[in-house]
Amino acid sequence: MTRTPPTAVTPLRLWRWRRNPLRRPSDLVEAWVVLATWILAVLGGVCAGWAAAHSVDAGLAARRAEVHAVSAVLTGDAVRTAPDGSGYDDGRVWAVARWTGPDGSVHTDRAKVFPGAPAGTRVTVWADRAGRSVPPPASRAEGMLQTVLTGILVAQVTGTAVWAGGWLVRGGLVRRRLAEWDEEWKRVGPEWRNFSGGGR
């Protein structure tokens, strides 16, 4: 019975950082550029995404703090049939509603109600601190979704931009090294051909 010799495991060596006669200074520079690119792409993307998400979350929280729901009453009957919409309507219609602001002033504006709602029906509208009608703020769930998506998008764009910049720098180093090799081959090539052809 023959025994299979053990397979030699070659350890991963970071040859660009090791001292060896084949390593050029440009190899070491390129290695540091690649390492810095990945570190900055990951850390920069995470930090930029977190900052963007925090900014969006703070903006949404400030918006929720500036508006409040008020009870209003319809001043007239709402239409009985909703107009044909674009597919984004929720089946409600616009009707004129009246409410009283914090300073006692009376405000009127349009509000979304269900078709056929009679005058005097109570509806909820959103108003700012001056009592003026404003669009409703995003809900907690909508705000969380918007915050997360913004953070992910900004992180991805930032990381991609840093990565692309690093690879542009690396590409310049590679082109420079190839040009140096070309110049060196112009000097060494004739001597190499003489040796390989037996001329010397």
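This briefing covers the strands, the nonpolar core, the aromatic contacts and the salt bridges of the structure above. The model is predicted: local features need pLDDT of at least 70, side-chain atom pairs count only at pLDDT 80 or more, and totals for chains, interfaces and linings use all residues. Residues are numbered from 1 along each chain as its sequence is written, and side-chain values use heavy atoms, with hydrogens and water left out. Helices (H or I, at least four residues) and strands (E, at least two) are DSSP runs, numbered from the N terminus.

**Strands**

- Strand β1 (residues 68-74) and β2 run antiparallel and are joined by two bridges; strands count as paired if DSSP finds at least two bridges between them.
- Valine 73 has arginine 98 in β2 as its bridge partner.
- Eight bridges pair β2 with strand β3 (residues 106-113), again in the antiparallel sense.
- Tryptophan 94 has lysine 112 in β3 as its bridge partner.
- Five residues separate β2 and β3 in their hairpin, and glycine 104 in the turn has a positive phi of about 90 degrees.
- In a regular strand the side chains alternate between the two faces of the sheet.
- In β2 (residues 93-100), the covered face holds Val93, Ala95, Ala97 and Trp99, while the uncovered face holds Trp94, Val96, Arg98 and Thr100.

**Nonpolar core**

- The largest nonpolar core has 14 residues, of which Leu74, Val113, Val123 and Val125 touch the most other members.
- Two or more residues of this core come from each of β1, β2, β3 and β4 (122-127), and β2 gives the most, with four residues.
- A nonpolar core is a set of buried Ala, Val, Leu, Ile, Met, Phe, Trp, Tyr and Cys residues joined through side-chain atoms within 4.5 Å.
- Buried means under 20% relative accessible area, exposed over 50%, and partly exposed in between (1.4 Å probe, protein chains only).
- Beyond its neighbours within four places in sequence, leucine 74 has contacts (heavy atoms within 4.5 Å) that include Ala95, Ala97, Val113, Pro118 and Val123.

**Aromatic rings**

- One aromatic pair is found in a search of the whole structure.
- The ring centres of tryptophan 163 and tryptophan 167 are 5.7 Å apart and the planes are at 50 degrees, so this pair is tilted.
- Rings of Phe, Tyr and Trp (its six-membered ring) pair if their centres lie within 6.5 Å; planes under 30 degrees apart count as stacked, over 60 as edge-to-face and the rest as tilted.
- Both tryptophans lie in helix α2 (residues 140-197), four residues apart, about one turn of the helix.
- Tryptophan 163 is partly exposed at 36% relative accessibility, as is tryptophan 167 at 31%.
- Arginine 110 sits over the face of tryptophan 94, 4.5 Å from the ring centre; the criterion is NZ of Lys or CZ of Arg within 6 Å of the ring centre and within 35 degrees of the ring normal.

**Salt bridges**

- The whole structure has six salt bridges, each a side-chain nitrogen of Lys or Arg within 4 Å of a carboxyl oxygen of Asp or Glu.
- Arginine 170 and glutamate 30 form one of them, at 2.8 Å from N to O.
- This pair links distant parts of the chain, with arginine 170 in helix α2 and glutamate 30 in helix α1 (residues 25-66), 140 residues apart.
- Arginine 170 is partly exposed at 22%, whereas glutamate 30 is buried at 1%.
- Arginine 132 pairs with aspartate 128, with the closest N and O atoms 3.2 Å apart; arginine 132 is exposed at 51% and aspartate 128 is buried at 15%.
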